[in-house]
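Let's take a friendly walk through a protein model, one step at a time. Please keep the picture in view as you read.

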Amino acid sequence: MKVPQPNAAMLQQLDADGRLQHLINLEGLPRALIERLLNRAQQFIRPLGAPPARSSALAGVTVANLFGEPSTRTRGSFELAARRLGADVINLEVHLSSRSKGETILDTVYTLQSMQIDVLVMREAESGVPGYVARHVAPHVSVLSAGESHLSHPTQGLLDALTIRQCKGGFQKLSVAIVGDVAHSRVARSTFQALNALGVGAVRIVAPPALMPGPEEFSGCERLHSLEQGIRGVDVIMMLRIQKERMSESTVPVGANYFREFGLTYERLRLAKPDAIVMHPGPMNRGVEIDSEIADGPQSVIQQQVTNGVAVRMAVLEAVTEGLRRDWNRA
Amino acid sequence: MKVPQPNAAMLQQLDADGRLQHLINLEGLPRALIERLLNRAQQFIRPLGAPPARSSALAGVTVANLFGEPSTRTRGSFELAARRLGADVINLEVHLSSRSKGETILDTVYTLQSMQIDVLVMREAESGVPGYVARHVAPHVSVLSAGESHLSHPTQGLLDALTIRQCKGGFQKLSVAIVGDVAHSRVARSTFQALNALGVGAVRIVAPPALMPGPEEFSGCERLHSLEQGIRGVDVIMMLRIQKERMSESTVPVGANYFREFGLTYERLRLAKPDAIVMHPGPMNRGVEIDSEIADGPQSVIQQQVTNGVAVRMAVLEAVTEGLRRDWNRA
Amino acid sequence: MKVPQPNAAMLQQLDADGRLQHLINLEGLPRALIERLLNRAQQFIRPLGAPPARSSALAGVTVANLFGEPSTRTRGSFELAARRLGADVINLEVHLSSRSKGETILDTVYTLQSMQIDVLVMREAESGVPGYVARHVAPHVSVLSAGESHLSHPTQGLLDALTIRQCKGGFQKLSVAIVGDVAHSRVARSTFQALNALGVGAVRIVAPPALMPGPEEFSGCERLHSLEQGIRGVDVIMMLRIQKERMSESTVPVGANYFREFGLTYERLRLAKPDAIVMHPGPMNRGVEIDSEIADGPQSVIQQQVTNGVAVRMAVLEAVTEGLRRDWNRA
């Protein structure tokens with residue numbers, strides 16, 4: 001079976017009333033909708049050590065976490081977000097890949113839907129699956145991508161945007177550098193799309209030649225192969241995780257060599273604006289893409305990103321079930 | 001250690017008051033009890049997209065899901081059923097097989113019981129285990145089989161009966177064909193027992209010779225080796241999943257050959273009554289035992305079976321904890 | 001990375017107000033604090049078959065179970081304890097070992113903390129990890145060890161103490177024998193520390209020479225290599241699980257030979273006081289370290305230990321979140 005690969009722009013993530021029904025991809029989402037999600041997420045932020053924000057907004061709603069690949073961080077974040085809104089959450093080790101033997105993707109999805117599961121949160125290594133599922137579920141069911149191949153990780157893009165907004169107040173005048181394995185990064189793509197929609201000043205992508213995406217993507221970005229040039233004068237430095245496997249490719253510097261060329265050190269950090277923030281989606285390879293002291297230093301907002309992750313997922317879960325809950329209340 | 005294999009009829013699933021305490025096997029269960037379970041399950045049915053039925057009937061009750069073999073579908077169905085009744089549910093990867101090293105089956109069970117777990121839901125590849133456990137737990141603890149070897153899958157039998165009743169209004173005049181790997185199917189056995197207890201008109205079993213059960217089972221059923229003859233004039237066609245491993249046995253047709261001989265096609269479906277329904281316990285092998293268009297077609301009630309599965313499990317959980325909850329309320 | 005190995009006495013488990021913040025090790029804990037935990041745990045005890053004790057004391061608190069090695073029994077016990085107090089619980093398959101690739105221990109912990117997880121329950125094969133984490137979490141976060149290498153299993157120590165107190169009324173006049181693989185047993189260490197703090201009369205350790213701990217540990221204990229001598233006249237016999245791997249070491253008797261030398265039989269049990277109780281932390285190797293009939297016999301309190309395990313974990317969870325909940329109520 002071949003999963004059709006839709007043009008992202010064709011994918012209908014909004015329902016007939018313009019409400020968010022699925023969140024697969026940030027590309028093409030209206031700026032006003034993204035801003036509403038960030039505003040709502042901001043309301044769920046509490047200081048560390050205070051009771052987390054809770055509500056019973058999703059009481060009676062069932063959320064299923066479908067994680068084919070293990071992901072403690074993102075799965076836990078979605079699970080906590082759903083629980084703190086009062087939803088029922090079940091974790092299922094379901095492999096939706098079209099290559100899995102036995103059931104087709106849609107049989108699995110229809111089975112879950114028939115158990116009256118309302119929201120499917122899915123992490124998928126195979127591209128096209130979340131959109132394919134979204135096009136086939138019943139009208140009241142929502143699909144949220146928790147990471148799709150190298151293509152999309154929309155809640156990560158939103159939490160990155162929220163973090164930047166909290167630290168910088170806005171996007172218009174900002175210069176943002178996305179650094180590392182941009183070619184293979186779903187985080188880079190989704191964050192770039194979020195920042196673009198929010199009217200960011202400028203985004204630079206900084207990568208060794210072998211990890212630079214093709215010219216058909218990241219349009220309008222300056223492309224640099226030198227970290228020093230790439231972060232000079234920027235407001236935001238987003239470091240990406242380098243997969244160790246990538247470094248076995250001949251043209252990518254390995255280990256300490258990678259750090260020497262593309263690792264974020266204090267010396268290099270001084271090239272950015274003095275109040276530049278440093279972000280990383282985690283998990284970090286300390287000493288490979290980022291100096292350990294920077295990760296723990298005053299310019300790092302990495303833990304704030306994690307906190308924002310739960311808040312953003314609460315906002316998204318609330319948004320995509322709004323229609324469902326309205327219908328329930330009417331009935 | 002050898003697990004004793006009791007005569008199913010000897011297994012006491014009812015308590016001293018005639019209430020259902022365990023559900024291991026449908027054989028010998030009183031018709032009135034099965035009908036009460038179906039009636040109660042029917043009350044838990046809601047249209048897809050409506051809020052699922054919920055109650056706090058099982059508040060304070062603890063249900064443990066013990067699934068030695070992975071089963072997303074059935075485990076999720078039991079978990080949702082228990083949660084929607086307000087129970088605490090924990091999922092434990094416990095292997096109760098007598099072959100597992102370390103603890104004996106009963107040590108594991110007594111440990112769970114001592115944690116004040118009230119209901120043990122178990123899927124077991126080894127026959128005899130659920131009944132063995134049921135005979136040894138404390139009087140207030142219930143054991144529910146979620147599938148036992150090739151022998152029994154009682155909640156599947158009940159949900160199949162409920163689906164047929166919803167579609168056909170009753171059982172007395174019906175002709176039902178169970179088709180495929182009947183010999184190895186716990187679903188076939190439990191559904192046959194349910195239909196028998198409910199006074200079904202006639203059940204035919206349709207299988208290649210190598211997959212036909214022995215004559216000591218499915219008594220009273222007509223046995224046919226031809227699918228065309230088997231489904232001629234029937235009201236209900238229950239397709240079974242064929243394990244790909246089975247087809248490597250010399251006498252079973254393989255792959256496309258299996259489909260050619262035992263696959264349900266539209267051409268064959270016309271031999272059944274015009275309003276015949278098509279059932280499948282899932283997961284389906286589309287193109288092997290069933291044509292993909294039939295699975296998605298108007299006569300298919302496969303998704304309805306899944307919805308009924310949650311409702312039936314709610315009814316069973318409510319029934320087996322009735323005595324426990326009565327005692328709690330008295331105290 | 002090398003995890004620093006602190007002197008246990010240096011580990012600060014109490015906060016500035018003398019309240020329990022972490023539970024890593026029982027060594028050096030004040031007797032009054034241990035007694036308060038046992039008293040509170042006792043209040044959570046209900047007879048088997050009665051509704052388990054429940055409260056909403058931990059409503060809004062988030063507990064994460066981090067079990068690198070599988071442990072159905074202890075993980076389930078902590079999960080039920082937290083749920084019955086109204087906490088949100090998530091289970092994460094997180095490996096905190098310093099040897100795991102990718103993230104450092106602290107990155108993982110800071111990620112969880114940033115999701116507003118308040119209590120980290122961790123089982124760790126590597127020594128030093130729980131204490132290391134406890135020294136680095138935010139002041140409102142608590143770390144509970146659910147078993148650390150061969151060193152510590154503090155809730156097991158407490159539940160053993162509670163069981164003995166329930167059966168014997170106190171500790172002062174008791175003679176306790178800890179029997180088996182003492183050298184590798186975290187249970188033996190924690191229970192010994194609990195009993196010591198509570199003023200136990202005398203503890204004997206009974207092990208083959210190869211499984212006897214070094215003289216720097218278990219100070220004040222009589223050490224015996226003969227089971228007959230070891231249990232003569234004692235009030236409490238604590239059998240330990242022997243790992244089958246240990247018996248492949250040349251100096252440890254194997255299988256039936258182990259049972260012949262160190263297995264608890266009825267004949268030997270008669271050497272202890274007539275009302276001696278027999279304990280085992282589970283899972284048992286019946287026929288290796290303990291005769292099956294003794295495990296199920298009138299002197300066995302093994303199931304009572306399991307019930308006490310949930311109660312003790314409830315008491316500990318309540319205690320370590322007391323400061324957090326007080327701060328929440330003030331705000």
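Leaving aside its neighbours within four places in sequence, Ile237(B) is in contact with Ala177(B), Val179(B), Ile231(B), Leu264(B), Ala272(B), Ala276(B), Val278(B) and Met279(B). Keep in mind as you look that this is a predicted model. Why begin with this isoleucine? The largest nonpolar core has 320 residues, and Ile237(A), Ile237(B) and Ile237(C) are the ones that touch the most other members.

Now move to Met238(C), which sits in strand S8 (residues 236–239) of chain C. Is Met238(C) buried or exposed? It counts as buried, because 29 C-beta neighbours lie inside 10 Å, and a residue needs 20 or more to be called buried. Apart from residues within four places in sequence, Met238(C) has contacts with Asp160(C), Val176(C), Ala177(C), Ile178(C), Val179(C), Thr191(C) and Met279(C).

Let's step back and look at a whole chain. Chain A contains 12 helices and 9 strands. Its C-alpha atoms fill a box of roughly 60 × 45 × 35 Å along the principal axes. For 331 residues, a compact globule would have a radius of gyration near 20 Å, and chain A agrees with that, at 20 Å. Of these 331 residues, 55% count as buried. If you take the contacts in chain A with a separation of 6 or more, 78% are between residues 24 or more positions apart.

Next come the strands. In chain A, strand S1 (residues 62–67) and S2(A) pair in the parallel sense over 5 bridges. You can find one of these pairings by locating Thr62(A), whose bridge partner in S2(A) is Asp88(A). Strand S2 (residues 88–92) of chain A has 4 of its 5 residues buried, so it is largely enclosed by the rest of the structure. Turn to chain C for another pair: strand S3 (residues 119–124) of chain C is joined to S4(C) by 5 bridges, and the two run parallel. Here Leu120(C) stands opposite Val143(C) in S4(C). Strand S4 (residues 142–148) of chain C is mostly covered, with 7 of its 7 residues buried.

Most residues other than glycine have a negative phi, and most peptide bonds are trans. Ser149(A) is not a glycine, yet its phi is positive, at about 45°. This serine lies in the loop between strand S4 (142–148) and helix H5 (154–168) of chain A. With 16 other C-beta atoms within 10 Å, Ser149(A) is partly exposed. Phe218(A), also not a glycine, has a positive phi of about 55°. You will find Phe218(A) in the loop between strand S6 (202–206) and strand S7 (222–224) of chain A. Phe218(A) counts as buried, because it has 22 C-beta neighbours inside 10 Å.

Which peptide bond of chain B is cis? It is the one from Gly282(B) to Pro283(B), with omega near -10°. Pro283(B) belongs to the loop between strand S9 (277–279) and helix H10 (292–295) of chain B. In chain C, a cis peptide bond joins Gly282(C) and Pro283(C), with omega about -10°.

Finally, let's see how the chains are arranged.

The contact between chains B and A takes 22 residues from chain B and 20 residues from chain A. On the side of chain B that touches chain A, helix H2 (72–84) and helix H11 (302–320) of chain B each give two or more residues. The largest share of that side, 7 residues, comes from H2(B). Sorted by class, the side of chain B that touches chain A has 10 nonpolar, 7 polar and 5 charged residues.

Definitions and conventions
Residues numbered from 1 in each chain as written. Chains lettered and ligands numbered in written order. Predicted model: local features only at pLDDT ≥ 70, side-chain atom pairs only at ≥ 80, totals over all residues. Core = buried A, V, L, I, M, F, W, Y, C linked by C-beta atoms within 7 Å. Buried ≥ 20, exposed ≤ 12 C-beta atoms within 10 Å, placed from the backbone. Contact = placed C-beta atoms within 7 Å. Rg over C-alpha atoms; globule rule 2.2 N^0.38 Å. Nonpolar A, V, L, I, M, F, W, Y, C, P; charged D, E, K, R; others polar. Pairing = 2+ DSSP bridges.
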